[in-house]
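Subject: Structure handover

Hello,

Here is the structure for you to look through. My notes on salt bridges and cavities follow below it.

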Amino acid sequence: MTSADRARELYFEWQPHDDPEFAPLICGRGTIGGKGRSLLFALRQLRDSGDEQMSRTKVPRSIYLSIEIFHQFLERVPHLDTLLANNDPQEIERVFLETPLPQAAGMYIRTFLADMRDPVVIRSSSRLEDDVKHSFAGKYLTNFLSNNCGGLEERSVAVENEVRRIYSRTFFPAAADYRERHHLGGDDMGIIIIRMAGRWRGRYYYPTMAGVGYSQNFRRWTTRVKQDDGLVRMVFGMGTMSTKRGYARTVSLTNPILRPEGFSPEKISAIAQESFHVIDEERPNQITTLDIKKEWKQLLTYHPDFAAYAQIYRCDDGEGCFFQIMKNMASLSPGTKVCFTFDSFPRIYPDFYKRVKKTLKLLENKMGVPADIEFAFEPTEDSFCLIQSRPFWSNNHLEGGIPELSQRQILLQADRMVTHGAIPQITKIVYVDFNRYYAQRDFYGTARLIGELNKASDGEPYILVAPGRIGSSNPELGVPVQYSELTNCRGMVELGIPRLGFMPELSYGTHFFSDLEVDGVLYMPVFAGEDRNIFNADWFESKKWEPWCDNPAIRVYRGSFAAYMDGESNRGVIIDKDMGETD
C-alpha cells in the first residue's frame, strides 16, 4: 500500500463524531455527508499541522444534521412511496415543506440562531457528495438567508424550510439522473447550516474576497506553469461569482503574476470582474448582484486597500491602459470603467498565495488525492476562512498524445489549457456558427435546441464547437447551454472570437467544469487568429452540413473525426481523418 493509498484510507475512516471538539456540532447519528465530513476533516488537519499560519484557518460557526435526521423526516412524510413514484418535483417539494422536521433538529437550529443575526447558508451534504470521484457539484441545493428579519421563531422556520427544500432535491431529476448515469443508486442527505463568511458593510454583507483553490493545475495555459503548484480562482465579494462561468481572476500558484489572458490591458479588461455578489438587507434571502461602476465610491470607504483589487481602465485612440484608483477621486472620467483585476494584490499581500499553496498541499497529502477548496479571505486582518474542502477528481490519467498528422487534416488546434486524452474515432461535430449566433441574438433558444439535439442523438457521441464560454450564465459570453443538455458530448471546443466578445476562459471551480472532469469530457480552447491556434474556417464553410430545427446557427457535420490532446506539451487538435494522411 502506497502512502497515498494509506492517507486515502484514513481520510475515509475519519468521522467527526469521534472528535470531541466537533461532536457537539452534530445533530443525529450516522454520517453527516461528504461536504460536512470533508470540511471538518480539513479543519482538523490544518489545526494539527504545526504550522502557525495554517492552524489559524477558520471555519465559520456551523452545525450539522446527520442522515439519521433525514430518515426520521422521511418517516413523517405522508404516503412517501406514492409521492416519489409519481415523480412530480413540485409536488414533492410542496409535501416536504408541509412536513415537520424532527424535534431535535428544530432545537439545534434555534440554539444556533439564538444569538446570531448574520446571514446563514444552508448546504446539502449527502452521503455520496464529495467522494473521490463524484462531486455532485450543483446537483443538490445551497440557499442563503439574510437571517436579520423577525424574531427567533420566524428565522428558525425560514431555515427549517430550506432544510426541507434540500431534502426534496434528493429526489429531483437533476440528482436522480446524475446518480443513474453514474450507477450510484440512492442517496441520503445530511445538512450543513453555516454562518456566511464576511461582514456587514452598510446595508450589504459579503467577504472582501472569496474563491476556489486546487492543489493540481491540470489545464495549464503555458508550460511555465507547473501542474503540481495548483491554482486559485478568486473574486471580490461572495464566492458564488467564482462557481459560475462568469468573470473571475485565475492565478497559477507557480507565479501569481502570470495571467491566462496575457498582459494586454484590452484583454484583461474584457474578462475582468465588473460586478460582485452580496446579501442586501433590503432584499433579504437572495443573492444581489452589484455593479462596481455604481458602488466604487462606497467601496473605497469600506476597503482602504481597494487598489489591491480594482483598477480604472481607459481606452484612448484604440489603445487601453490601467490607472490606479485614488482615494480623493470624485468621479470617473468619460470613457473609463472600474474593474477587479487584482493586479496589485500579489505585491500588497504576497503571503496569501504561499498560504493557499501550502494549505492545498497539506490537504492533498492528508487525503491521498488532489484537493479542492472554497475559501473567503479578509486581507487586512489576514483572516482565512475555509468554506469547503473535498477531493478533486480528474480524468487526467487518460491516455493522450498526438500522432503524426498532415497539416491539412487539422480543423482546430489549441496551444493551452487542454485536457489530456484522445478520441480516436467519432463521427459527428456539432458547430455553433458564431456570426449567426451573434446576429440572431436568440441565445437561450439556441441553447435549448442544442439540448434537444443532444437528446435526439440517442447516445451517439459528438464533439461540440461553440463560441466563447460553453455553459456561461451570461449569453453575451457564450452559449448558455446546461451541462444536463450535453450528456452525449465527448469533446468540447470553445472558440475565441475577440471582435465579438467571445473568449474562452479557464473556469476551474465552476460546477460545469467539475462535471467535465468527472465524465472525462475532453476540452480545449481555440483563439482564432493567434499563433499556434488553428480555426479552419474554410473547412466549416465548404464542408457539407445538416441544419438543426431551422436554426441557421447550429450545424451538424458528419464524417470521420478524431481529437488528440497532450496536456504535457499543451497542444490539442481536432482533425478530419478523411482529409488524407499527406499534403
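Glu374 and Arg123 form a salt bridge, with 3.8 Å between the closest N and O atoms. (A salt bridge is a side-chain nitrogen of Lys or Arg within 4 Å of a carboxyl oxygen of Asp or Glu.) Glu374 sits in strand E16 (residues 371-378) and Arg123 in strand E3 (residues 120-126), so the pair ties together parts that are 251 residues apart in sequence. Helices (H or I, at least four residues) and strands (E, at least two) are DSSP runs, numbered from the N terminus. Glu374 and Arg123 are both buried. Buried means under 20% relative accessible area, exposed over 50%, and partly exposed in between (1.4 Å probe, protein chains only).

Please keep two points in mind. This is a predicted model, where local features need pLDDT of at least 70, side-chain atom pairs count only at pLDDT 80 or more, and totals for chains, interfaces and linings use all residues. Residues are numbered from 1 along each chain as its sequence is written, and side-chain values use heavy atoms, with hydrogens and water left out.

Now the other salt bridges. The structure holds 46 of them. Side chains of opposite charge can pair when their charged atoms come close.

Glu530 and Lys267 meet at 3.0 Å, N to O, in a salt bridge. This pair links distant parts of the chain, 263 residues apart. Glu530 is in the loop between strand E22 (522-527) and strand E23 (534-535), and Lys267 is in helix H10 (residues 265-271). Glu530 is partly exposed at 22% relative accessible area. Lys267 is partly exposed too, at 33%.

Asp382 and Arg355 make a salt bridge at 2.8 Å, N to O. Asp382 lies in the loop between E16 and strand E17 (383-391), and Arg355 in helix H13 (residues 351-367), so the pair ties together parts 27 residues apart in sequence. Asp382 is partly exposed, at 29% relative accessibility. Arg355 is buried, at 1%.

Salt bridges with shared partners also join Asp19, Glu21, Arg44, Arg47 and Asp48 into one network.

What lines the second largest cavity? Its lining includes Met234, Arg249, Glu261 and Phe340. The lining residues divide into seven nonpolar (Ala, Val, Leu, Ile, Met, Phe, Trp, Tyr, Cys and Pro), three charged (Asp, Glu, Lys and Arg) and two polar (the others, Gly among them). On a 1 Å grid over the protein atoms alone, a cavity is a set of points where a 1.4 Å probe fits but cannot get out, and lining residues have an atom within 4 Å of a point.

Best wishes

Methods
1 Å grid on protein atoms, 1.4 Å probe; cavity = no way out; pocket = protein on both sides within 12 Å on 5 of 7 lines; lining within 4 Å.
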